[in-house]
Amino acid sequence: LGILKALAGSSWGQDKETMITTYKTICRSTLEYGNQIWSPIIEESNWLKLQRVQSKALRIATGCLQMTSDSHLHQESKVLPVKDHCMMLGKQYVAACHQPGHPGQKNLYNLAGRNMKSSVMHNSNYITSLFADPTEIDSKSYKSVLKEIHTTSVSDTIQSYPANRVLGRSPLSISKEENRLPRATRTELSRLRSGFSRNLNSYMNRIDETVDDRCPSCRHSPHDTAHLFNCSSNPTQLNVTDLWKKPVETAIFLGLDVRTSDDDPP
C-alpha cells in the first residue's frame, strides 16, 4: 500500500488503471496466495480483515474519500471483493482438477475424513453443476468452464451490490473518454459519483457541523451531487447520469481541468 501511495496521490501521479494493475500484481497476488486451501475454512471476521486491505488499495487508486462505500470502490475499479474473487478462484481450481493427469484429481470425490476441515473439494460453495460429473474434461471444455465460472461470478457480484448513493440504482458503465482526463479530474468525478466530495457542502457538513449544508450560489439545501445539475444559478442540460456517460462534458461544466499531457498550455 505504501508503494501505491508513492505512485499516486489524489491529484497527481499514475492513472487509475495503472494503479489497479499494480495492486493486482504486487498486493492481491500475495493477499490471496493459496486461497484454495484456506478460503473454505476462515471466519467472516478474517474475510473482513483481508477486504480492508483491498479497500484501502482501491481508495488510493480511485482517490475516493474514507466514507466511500466498498461497493462504489469495486464498481469504479472493476475489481471483485476479496471473498468473491477467492471463491471464483476456488471453483476454477476444482475445474482444473478434472483435467487428465491433474494431481488433484484423486481428491475430487473422496469423502472428507473424520474431523477434517472442509476443503474446496467437499464444500458446496465451490462445487457446481458445471463440473460435478467425474468424467475427465478436455482442454476445450476446461476453457469453456473457466469462462463460465468467471462470467457467473462477476454477474452475481454485480447484482449483489447495493444501489449507488447518487443515482438510487445500479450505476452505469463509465465512458472510456474519461481515460484521457487528468488524474485530479478523474478523482473528483469518482468522488462526486460516490456522493462524498470536499466540493459538496453536504459532505463537509458531516465532518464539520459548522459548515452550512447549502449551495453557496442559490442557498438550496442539501448541496449534494444531484444539486450541481439542478442549481438555478448554474443551469445546464446535463444531468447526474452524465457523470458516467459524458465525463469530459461534465468536467467542463464543473470547471475541472480537462487538459491532457498532449494539450498545449493555456
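**Arg186 and Glu17.** I looked up this pair in the predicted model. The two side chains meet in a salt bridge, 2.9 Å from N to O. I then checked where the partners sit. Arg186 belongs to helix α8 (residues 183-194), and Glu17 to helix α2 (residues 16-31). They are 169 residues apart, so I noted a link between distant parts of the chain.

**Burial of the pair.** Is Arg186 buried or exposed? I found a relative accessibility of 8%. Arg186 counts as buried because that value falls under 20%. Glu17 has a relative accessible area of 34% and is partly exposed.

**Glu44 and Lys83.** I went to this salt bridge next. Its closest N and O atoms are 3.0 Å apart. Glu44 is in helix α4 (residues 44-62), while Lys83 is in helix α6 (residues 82-96). The pair therefore ties together parts 39 residues apart in sequence. I read 44% relative accessibility for Glu44, which is partly exposed. Lys83 is at 30% and also counts as partly exposed.

**Arg214 and Asp212.** I looked up the closest N and O atoms here and got 2.7 Å for the salt bridge. Arg214 is partly exposed at 34% relative accessibility. Asp212 is partly exposed too, with a relative accessible area of 35%.

**Network.** Which residues do salt bridges with shared partners join into one network? I listed Glu17, Glu76, Glu178, Arg186 and Arg193. Arg186 and Glu17 from my opening entry are among them.

**Total.** I recorded 8 salt bridges in the structure.

Definitions and conventions. Residues numbered from 1 in each chain as written. Predicted model: local features only at pLDDT ≥ 70, side-chain atom pairs only at ≥ 80, totals over all residues. Heavy atoms only, no water. Salt bridge = Lys/Arg side-chain N within 4 Å of Asp/Glu carboxyl O. Helix = DSSP H or I, 4+ residues; strand = E, 2+ residues; numbered from the N terminus. Buried < 20%, exposed > 50% of the residue type's maximum accessible area, 1.4 Å probe, protein only.
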